[in-house]
Amino acid sequence: IDGDEGYVAIDNGTINITTPTADCKSIKCDSTLTINGGNITIVNSGDQSKGLKSKQGIVINGGEINITPSGTTVLEDVDGTNDPSYCTGIASDGTVQINGGHITITLPSCNSGGRGIKGDSTVTISGGTIDITTAGNGTVYTVSGTTKDAYTCSCIRSDYSIDITGGHITCTSTGTGGKGLTCEGEINIGTLNAEDSLLILNVTTSGAHVAITTGGGGGWPGGGGGPGSDGEYANPKGIKADGNLTVNSGIVNVNCTQATEGGECMESKQELTI
C-alpha cells in the first residue's frame, strides 16, 4: 500500500500483506501514516524491508497490528563506508507516536540487527499494548579499511529521543548484543507525580556481548573497550540513552541475564535520574 507523496489513513477493516522482496515497504507514504483501527497483519521477509514506513510521521491510535520482519540487514556503500540497512517493523524518518492499539512485532533469529520500532526523530508512547521480541544475533562488519563495528537488534530505537508516558510495553531481546530501548538522545519514562499504574514497562535481554576486536583495544569507538583492554564489544543493554535518562513514574522491570560482562539494565552517558 503506497500513499506516494500523500498520506495513508486506516480506520478499520482487515489487511494482510506479505512482502518477500528486498528493500520493500508493506505500507508507506511520504507524509503521515495514521492507523486508527482495524486488524493488520504484515510479514516483510525481504532483506532491509520495512513493515510500516513514513518519511514524516507515523501515528497509531488503535487497531490490532501484527508485524513479522524476518528479512536481514544489508550493508550499503555510503561515501566509501559500509552502512547497515535493517529489516524493521515500524520505521519513520520523522516521529513515531503510539496512543493506543495492540502492537505485536516479532523479529526471528534470521533477522540480525533489525529494529522493532525505529524513529529518526522522537518516539512517543502514551498508551496501548506493545509486545516486541527480537531473537537475531549481533553481527560484526567492516566499516572501512580495517575498522570494524557491530550491528545488533533493538526493540525500540530513536536517533533523537524516546518519551514513554503510558501503556503496557514489553521488550524482549534474546540475541547477542540485543537492546531493549536505545536512544542517541534522551529517554524520559513516566510523568512526574502520575499514577505508576498508568505505565508498565518490562525489558529483558539475555544474549551475550559481541566481540568486535579481541585484544589490545582499538576498533570502532563506542563498543565498550579501549586501548589496553581485552577487546572491543557490542554489549547488551536493557535501557540505554546517550543523553539523559529520567524515570518519573511507572512500574519498570528490567532484567539483563547474560553471563558475559558489559551488559547493563539501565545506562545513561549523561545523567540518570529516578
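In this predicted model, residues 24 or more positions apart account for 76% of the contacts in the protein with a separation of 6 or more. The protein has 31 strands and zero helices. Its radius of gyration is 18 Å, close to the 19 Å that the globule rule gives for 274 residues, so the protein is as compact as a globular protein of that length.

**Overall dimensions and surface**

- Taken along the principal axes, the C-alpha atoms of the protein fill a box of roughly 60 × 45 × 30 Å.
- The accessible surface of the protein comes to about 11,100 Å², and carbon and sulfur atoms hold 45% of that surface.
- Of the 274 residues, 49% count as buried.

**The eight-stranded sheet**

- Eight strands form an open sheet with parallel pairing, in the order β2-β5-β8-β13-β16-β21-β24-β29.
- At the edges of this sheet are β2 (14-19) and β29 (251-256), each of which pairs on one side only.
- Neighbouring strands of the sheet are turned by 5° against each other on average, direction ignored.
- Within the sheet, β5 (residues 39-44) pairs with β8 (residues 64-69) in the parallel sense, over six bridges.
- I42 has I67 in β8 as its bridge partner.

**Strand β6 and its partners**

- Five of the five residues of β6 (residues 50-54) are buried, so this strand is largely enclosed by the rest of the structure.
- β6 pairs with β3 (residues 25-29) in the parallel sense over four bridges, and the bridge partner of I27 in β6 is L52.
- β6 is also joined to β11 (residues 88-92) by four bridges, and these two strands run parallel.
- The bridge partner of K53 in β11 is A91.

**Strand β23 and its partners**

- β20 (residues 161-164) and β23 (residues 186-189) pair in the parallel sense over four bridges.
- D163 has N188 in β23 as its bridge partner.
- Three bridges join β23 to β28 (residues 245-247), and these strands run parallel.
- N188 stands opposite T246 in β28.

- S112 lies in the loop between β13 (102-107) and β14 (115-119).
- The relative accessible area of S112 is 12%, under the 20% limit, so S112 counts as buried.
- Leaving aside its neighbours within four places in sequence, S112 is in contact with T72, T73, G136, N137, T139, Y151 and C153.

**Cysteines**

- The structure holds zero disulfides.
- C153, one of the contacts of S112, is buried at 0% relative accessibility.
- The closest cysteine sulfur to that of C153 is in C155, at 8.3 Å, which is too far for a bond.
- C265 is partly exposed, with a relative accessible area of 31%.
- The sulfur of C265 has its closest cysteine sulfur in C256, at 3.8 Å; a disulfide needs the two sulfur atoms within 2.5 Å, so this pair is too far apart for a bond.

Notes:
Residues numbered from 1 in each chain as written. Predicted model: local features only at pLDDT ≥ 70, side-chain atom pairs only at ≥ 80, totals over all residues. Heavy atoms only, no water. Pairing = 2+ DSSP bridges. Axes fitted to C-alpha atoms, helices over the stretch in contact; angles between N-to-C directions. Buried < 20%, exposed > 50% of the residue type's maximum accessible area, 1.4 Å probe, protein only. Rg over C-alpha atoms; globule rule 2.2 N^0.38 Å. Contact = heavy atoms within 4.5 Å. Areas by Shrake-Rupley, 256 points an atom, 1.4 Å probe, with all protein chains shown as cover.
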